[in-house]
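Open the structure in your viewer and keep the selection tool at hand.

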Amino acid sequence: MGQAGGRWVLTAAIGGSGLAMLDATVVNVALDRMGRDLGADFAALQWIVNGYSLSLAALILLGGALGDRFGRRRVFVIGVVWFAAASALCGLAPDAPLLIAGRVLQGIGGALLTPGSLALIAASFCPEDRSRAIGAWSGLGGLAGAVGPFVGGALVAWDWRAVFWVNVPVAAAIVVIALRHVPESHDPDATGGIDVPGAVLGVLGLGGVTYALTEAGSGLRPSVLVSGVVGVLALAGFLVVEARSPHPLVPLSMFRNRSFSVSNAATLLIYGALGVFFFLLVLQLQTVSGFSPTVAGTAMLPVTALMLLLSARAGGLADRFGARPFMTIGPLLAAGGFLLATRIGPGSGDLTGYLTEVLPATVLLGLGLAATVAPLTATVLASADAHHAGAASGVNNAVARSAGLLAVAVIPGLVGLMGADYTDPVAFDAGFTGAMLIGAGLLVAASLMALLLTRPAPAPEPTPTPTAAPKLRLAECAHCGVAAPQLHPRE
């Protein structure tokens with residue numbers, strides 16, 4: 001940490017992680033302006049969000065495997081360059097279909113650079129400084145999520161295309177730093193082939209199901225039915241391939257552990273609810289409450305601030321008392337935030353409305369997430385053996401992102417949001433209320449699942465000897481909860 005080389009590695013890793021996280025947050029703020037400028041319907045807005053989430057969720061495990069096999073710095077740099085090129089395509093897009101294509105390409109770049117950002121630190125720092133470096137990565141990377149809505153609002157107020165163009169110079173700086181100052185590294189145990197068939201089936205399965213669910217609200221056309229059937233068959237084929245592959249992206253044996261299965265099921269419910277909340281709230285604030293993009297973006301700051309302030313403390317308490325109380329109470333608090341959000345409406349556009357309707361909902365949601373996310377992530381990782389620690393984190397990451405992807409595809413259609421409803425305050429307000437109630441139900445289900453199925457806290461582990469290499473306290477990683485569980489090294 002005290003050497004210039006270490007600081008350069010940390011700068012590159014934080015820059016890459018922050019680049020992907022910042023883009024994920026600012027695009028939601030820009031959706032209203034994008035849709036109106038491009039004449040897009042609500043389904044197109046769903047795909048602007050889901051195009052990125054789809055390719056990222058489907059390929060992030062493959063991205064980590066490629067880095068271990070062919071060089072973490074090399075794959076990281078390729079991912080950053082790819083992300084920048086896709087961002088430029090988004091900035092130039094003359095219509096919604098090309099913008100969606102650019103977002104899909106952005107997700108591929110994100111899948112290559114996201115696992116590598118932390119792997120570079122794990123491979124480059126000596127054991128006694130590794131935890132400090134990851135702590136700095138967590139805190140500073142989390143700031144990208146905190147400032148993202150504010151930066152996004154400011155850029156959108158000028159031109160929504162600037163949301164994508166700002167990525168290009170930042171990416172160029174990251175590439176220069178990585179090539180000049182970051183050493184190359186490989187996983188010496190990464191031998192054998194890459195599970196390409198599994199990755200292809202995963203993309204085809206998620207893509208087919210997501211398309212069918214998104215377009216079903218407009219009618220069950222033959223293309224929708226065919227897409228759904230192909231997606232389901234591809235996901236079934238994915239499970240068969242993973243069960244037989246000598247180098248699976250998802251080792252299915254991990255799901256024999258009840259804690260691992262329950263924690264990932266809870267992750268699916270929790271992040272599904274969150275995906276809909278973050279997708280719809282900013283639109284609700286602009287379309288119904290009349291907020292400007294800047295103010296609508298900053299309305300989410302309490303959630304991120306509470307996550308950064310309290311996640312580490314919640315993780316420490318979960319180490320002492322077990323994760324089950326936090327995984328039970330946290331989602332209930334978050335569900336309360338969803339219920340309070342149903343009060344956000346046409347009268348919330350002034351200071352009084354913000355303080356009495358918007359702020360209480362975001363504060364309660366932030367408290368619930370701060371209590372939930374770190375213990376949840378730690379439970380997932382603790383339920384896997386040391387050999388599968390990296391795979392367990394990657395699976396949980398993919399589950400979280402897939403949950404948001406599928407929820408954004410399904411829930412708006414269930415509450416009747418389609419077409420140009422995002423420009424109609426009355427129609428959108430009614431749909432938003434229904435979506436918040438469904439999200440609250442998902443969180444309550446996650447709470448009950450944790451209460452009934454999560455094992456009690458195990459006996460505390462013995463204190464390691466002073467000569468042992470310090471291990472990363474995964475439960476105290478505040479960065480995990482900003483957007484989704486992040487990939488961690490084995491130690």
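The tour covers a core, some ring pairs and a surface patch.

This is a predicted model, in which local features need pLDDT of at least 70, side-chain atom pairs count only at pLDDT 80 or more, and totals for chains, interfaces and linings use all residues. Residues are numbered from 1 along each chain as its sequence is written, and side-chain values use heavy atoms, with hydrogens and water left out.

**Core.** Select Leu31, Met34, Phe42, Leu99, Leu280 and Phe428, which touch the most other members of the largest nonpolar core, a set of 119 residues. Such a core joins buried Ala, Val, Leu, Ile, Met, Phe, Trp, Tyr and Cys residues through side-chain atoms within 4.5 Å; buried means under 20% relative accessible area, exposed over 50%, and partly exposed in between (1.4 Å probe, protein chains only). Helix H10 (residues 258-287) gives the largest share of this core, 15 residues. Helices are DSSP runs of H or I with at least four residues, numbered from the N terminus.

**Rings.** How many aromatic pairs does a search of the whole structure find? There are eight. Rings of Phe, Tyr and Trp (its six-membered ring) pair if their centres lie within 6.5 Å; planes under 30 degrees apart count as stacked, over 60 as edge-to-face and the rest as tilted. Select Trp47 and Tyr211, a tilted pair at 6.2 Å centre to centre and 35° between the planes. Trp47 is buried, at 13% relative accessibility, while Tyr211 is partly exposed at 28%. Next, select Phe42, Phe279 and Phe428, a cluster linked by ring pairs.

**Surface.** Finish with Leu451 in helix H16, which is partly exposed at 42% relative accessibility.

Key: Helices (H or I, at least four residues) and strands (E, at least two) are DSSP runs, numbered from the N terminus.
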